[in-house]
Amino acid sequence: MDEGIDYAEFSDGRGINYWTLDRTLRREVRRVYTDDEFTWAEPRLADFGETVGHTIATNADDIDDHGPELEPYDRDGEVQNLVRYPERQYENERLAYERGIVADAFEAPPGRDEPMGLAHNLAMQCLLSYADPGFDCPVAMTAGAALVLEKFGGDEHAPFYEALTSREYDDLIEGAMFLTEKQGGSDVGANETRAEWDDEADCWRLFGEKWFCSNIDAEGTLALARTADASDGTAGLSMFLVPHADPDRSGQNGPLTKGQRLEDGPLSSEAVNDQLYRRLKDKLGTISVPTGEVEFTGAKALLVGETENGFRQMAEMLNLERLSNAAASCGIIGRVLLESKIYAANREAFGETIDQYPLMRADLVDMAVTHEAATTYVFEAARLLSERERAERAGETADDAYRLMRLLIPIAKARTARMAVETASYGMEIHGGNGYVNDFVTNRLLRDAQVLPIWEGTENVLSLDVLRALSREDAHEPLQAAIEARLETVSHPALADTAATVEDEYHDLLTALATLAGADDEYAQLSAKRLAHYLFDVFTAALLLESAQRELDDGNGRLALVAQRFVATELADREARGITSGDRFALEAYDPIVRYEPIDPDRVREIAAESD
């Protein structure tokens, strides 16, 4: 059993191994991977955690000060759509992609006979987001584009799929997803970009504007457009692959790869696909990913799948993108928590390091519990996604996994994004004035976190998606089975009171679900956000209790304390806000929860009794 971590040994959250220090992520990865997956992956995740904690983290701070720049025109006024990147960005890309952050989930990596589950891609994204959530955006969209082409692509898309999933950086292309239009936004069905068939060129051409295009110069961009006479709304949208370079005039056999772009330099005006990158957005954060406006002026495009089926196909990418967003939230929460622990263990005030003071101890306990809750929930959703994709590749179905996944994923994205913003904000406060300036990473982490509630659907949009999953997929059925199965595993006396609270809340949740199932649409929508958060709290509590039971069986009560704190904070009723209770839980549980110190199960029961 590992000993606790002394955070006073570190000066800040760089130059260290994020995989080694994030024991919560390590536990969840071990839980959701198969045995053979974990045996293969563990040393590689340790290597990646070391690389991210050293080189990528250092580079990310510099890239934030010197981000990509757009040169839409060359010196003669011809369109070139050139995005110039800092050299350190190329280094970070090579370090991540050549370690299989995308490839391993699609093609069998060295030493394996089959690909890893998508949970592995998400675990690596979580580690990457300790250093640069902005760069994680292109990584996520590259995986998402590969997933779409794997499911719906044909022979003409094969070179793009192979390049999206390449382990060799020089042979790689990145993906992107252009959805947002000015008049559309979350209302994707209002999009006006149109697709026209060009008989002479024997290809589709796109015309229209996309307003918020992250990874703007990706070679593997997926975009939605409406063909002639297509129906209105999302049902009439088709999906197209829109290369950065004109596939016929660029002189390439297939997509324009990273190696070719670095070697050849800017495209000639003849080789540019018929589109204009008008400008890059001057964003609050995520500086490392160039986001801009694109005007399609007849850009050549490859139809993906069937016409008027684009939104359903894009939904497959959105599932992975939303979980990627949630994994990035976990990475930000983990980094902020790490920086806060280190700072509190070293910063002296009034003769003591500030981690010795009760209020700071309570804050760090609650931040650590937030990290536990977010990571546990997200990787359970990741496990279901992996199970579903593994079944589909084998020609089988995983209906219950899909239905539950459809419910859990929008909730994961909505709740963890909010957690990331709140945790990053408080992490900045812990550092005081230093945390507010660019020299300290808390400044960037908060700026980067703030986009997470916006990317891939706002909280309101996601909450309405929860209602759709319940009504269209009957997702409450696998949800009930999953919660009840976990609660049935709990038997240790140290968990009795906490489990009883969760059991009561679970039955209240069932009442809430039944109420909304019979309610009118207006009231159901009014309650959707509250329901999404309620589902997160009850489901996460059940997951934590199950894991706590396993740890107690192994002689460690740490997770039992985490479960107790989460339930007490999110589900339990507390008279007078708990002030009159005499509760000293945060002081007694500080070392186990914050420093991962093992604790005897009998001591857990004593702490619970003292806190009642």
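Biologist: In which helix is Gly-310 found, and what makes a run of residues a helix here?

Modeller: Gly-310 is found in helix α9, which covers residues 310-346; helices are DSSP runs of H or I with at least four residues, strands are runs of E with at least two, and both are numbered from the N terminus. This is a predicted model, in which local features need pLDDT of at least 70 and side-chain atom pairs count only at pLDDT 80 or more, while totals for chains, interfaces and linings use all residues. Residues are numbered from 1 along each chain as its sequence is written, and side-chain values use heavy atoms, with hydrogens and water left out.

Biologist: Why is Gly-310 called buried?

Modeller: Buried means under 20% relative accessible area, exposed means over 50%, and partly exposed lies in between, with a 1.4 Å probe and protein chains only. Gly-310 has a relative accessibility of 0%, so it counts as buried. Its C-alpha atom is 41 Å from that of Leu-545, a residue 235 positions away in sequence.

Biologist: Why is α11 described as largely enclosed?

Modeller: Of its 32 residues, 24 are buried, so the rest of the structure largely encloses α11. Tyr-436, in the loop between α11 (399-430) and α12 (441-449), is exposed, because its relative accessible area is 62%.

Biologist: Why is the pair Arg-31 and Glu-380 called a salt bridge?

Modeller: A salt bridge is a side-chain nitrogen of Lys or Arg within 4 Å of a carboxyl oxygen of Asp or Glu, and the side chains of Arg-31 and Glu-380 meet at 2.8 Å, N to O. Arg-31 lies in helix α2 (residues 23-32) and Glu-380 in helix α10 (residues 358-393), so the pair ties together parts that are 349 residues apart in sequence. Glu-380 has 1% relative accessibility and so counts as buried. A search of the whole structure finds 62 salt bridges.

Biologist: How do you know that the salt bridge of Glu-209 and Arg-278 ties together parts that are apart in sequence?

Modeller: Their side chains meet at 3.1 Å, N to O. Glu-209 lies in strand β5 and Arg-278 in strand β8 (residues 275-280), so the bridge ties together parts 69 residues apart in sequence. Glu-209, at 35% relative accessibility, counts as partly exposed, and Arg-278, at 26%, is partly exposed as well. Elsewhere, salt bridges that share partners join a set of residues into one network, including Arg-27, Arg-31, Glu-380 and Arg-558.

Biologist: What makes the pair Arg-530 and Ser-527 a polar contact?

Modeller: A polar contact is a pair of N or O atoms within 3.5 Å, where, within protein, one must be able to donate a hydrogen and the other to accept it, and residues adjacent in sequence count only if both atoms are side-chain atoms. The side chains of Arg-530 and Ser-527 are joined at 3.1 Å. Arg-530 lies in helix α16 (residues 521-553) and is called exposed because its relative accessible area is 54%.
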